[in-house]
Amino acid sequence: MAKSPAASAGISSDSASASTPANFEAAMAELEAIVTRMEQGSLPLAEALASHQRGAALLAYCQNALRDAQQQVQVLEDGMLKVFGDDDAARDD
């Protein structure tokens with residue numbers, strides 16, 4: 001059986017596809033760290049691929065968390081999304 005690029009680089013599959021983040025903020029912090037490491041351009045190919053895979057998973061987690069939050073706001077606002085800036089400007093007049 002062939003090893004994955006991450007396994008070949010000594011990266012366990014657990015670290016390449018680490019567990020679900022504790023929360024949105026933790027996911028964003030990890031994603032920012034991955035982007036910083038990748039932007040430096042010094043990662044070996046296998047680590048870059050594993051980082052990309054983890055980043056994609058974190059991005060999906062964050063998108064889902066934001067979608068869930070938007071749905072909760074819609075419920076709280078009785079099904080109507082409100083633009084916060086418009087209400088604030090009207091009160092200042």
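What percentage of the 93 residues of the protein counts as buried? The share is 16%, where buried means under 20% relative accessible area, exposed means over 50% and partly exposed lies in between (1.4 Å probe, protein chains only). This is a predicted model, in which local features need pLDDT of at least 70 and side-chain atom pairs count only at pLDDT 80 or more, while totals for chains, interfaces and linings use all residues. Residues are numbered from 1 along each chain as its sequence is written, and side-chain values use heavy atoms, with hydrogens and water left out.

**View 1. The overall fold has five helices and zero strands.**
Helices (H or I, at least four residues) and strands (E, at least two) are DSSP runs, numbered from the N terminus. Along the sequence the pattern reads α-α-α-α-α. Contact means heavy atoms within 4.5 Å. Among contacts with a separation of 6 or more, 69% join residues 24 or more positions apart.

**View 2. Helix 3 covers residues 24-40.**
Its 17 residues reach 25 Å from the first C-alpha to the last. That is close to the 24 Å expected at 1.5 Å a residue. The expected span of a helix is 1.5 Å times one less than its number of residues. At the start of helix 3, a side-chain oxygen of Asn-23 comes to within 3.2 Å of the backbone nitrogen of Glu-25. This pair is judged as a polar contact: N or O atoms within 3.5 Å, where, within protein, one must be able to donate a hydrogen and the other to accept it, and residues adjacent in sequence count only if both atoms are side-chain atoms. After helix 3 comes Gly-41, with a positive phi near 70°.

**View 3. Helix 3 has a buried face.**
Ala-27, Leu-31 and Ile-34 are the buried residues of helix 3. Seen down the helix axis, they fall within an arc of 60°, so they line one face of helix 3. The arc is that of the directions from the helix axis to the C-beta atoms. An α-helix has 3.6 residues a turn, so residues three or four places apart point the same way. The buried residues of helix 3 pack against helix 4 (45-76). On the other side of helix 3, Glu-25, Glu-39 and Gln-40 are exposed.

**View 4. The largest nonpolar core has five residues.**
Its members are Ala-27, Leu-31, Ile-34, Leu-58 and Cys-62. Helix 3 and helix 4 each supply at least two residues of this core. Helix 3 gives the most, with three. A nonpolar core is a set of buried Ala, Val, Leu, Ile, Met, Phe, Trp, Tyr and Cys residues joined through side-chain atoms within 4.5 Å. Leaving aside neighbours within four places in sequence, Leu-58 is in contact with Pro-21, Ala-27, Glu-30, Leu-31 and Ile-34. In soluble globular proteins, nonpolar side chains tend to be buried together.

**View 5. The structure holds one salt bridge.**
The side chains of Glu-30 and Arg-54 meet at 2.8 Å, N to O. A salt bridge is a side-chain nitrogen of Lys or Arg within 4 Å of a carboxyl oxygen of Asp or Glu. Glu-30 lies in helix 3 and Arg-54 in helix 4, so the pair ties together parts that are 24 residues apart in sequence. Glu-30 is partly exposed, at 28% relative accessibility. Arg-54 is buried, with a relative accessible area of 7%.

Ser-51 is buried, with a relative accessible area of 10%. Leu-43 is partly exposed, with a relative accessible area of 22%. With neighbours within four places in sequence left aside, Leu-43 is in contact with Arg-37, Met-38, Ala-48 and Ser-51.

**View 6. Helix 4 has 32 residues.**
At 1.5 Å a residue, helix 4 should span 46 Å, and its end C-alpha atoms are 46 Å apart, which agrees. The buried residues in helix 4 include Ala-46, Ala-48, Ala-50 and Gly-55. Ala-65 also lies in helix 4. Ala-65 is partly exposed, at 24% relative accessibility. Ala-65 and Phe-24 are 41 residues apart in sequence and 6.7 Å apart in space, C-alpha to C-alpha. Helix 4 is followed by Asp-78, whose phi is positive, near 60°.
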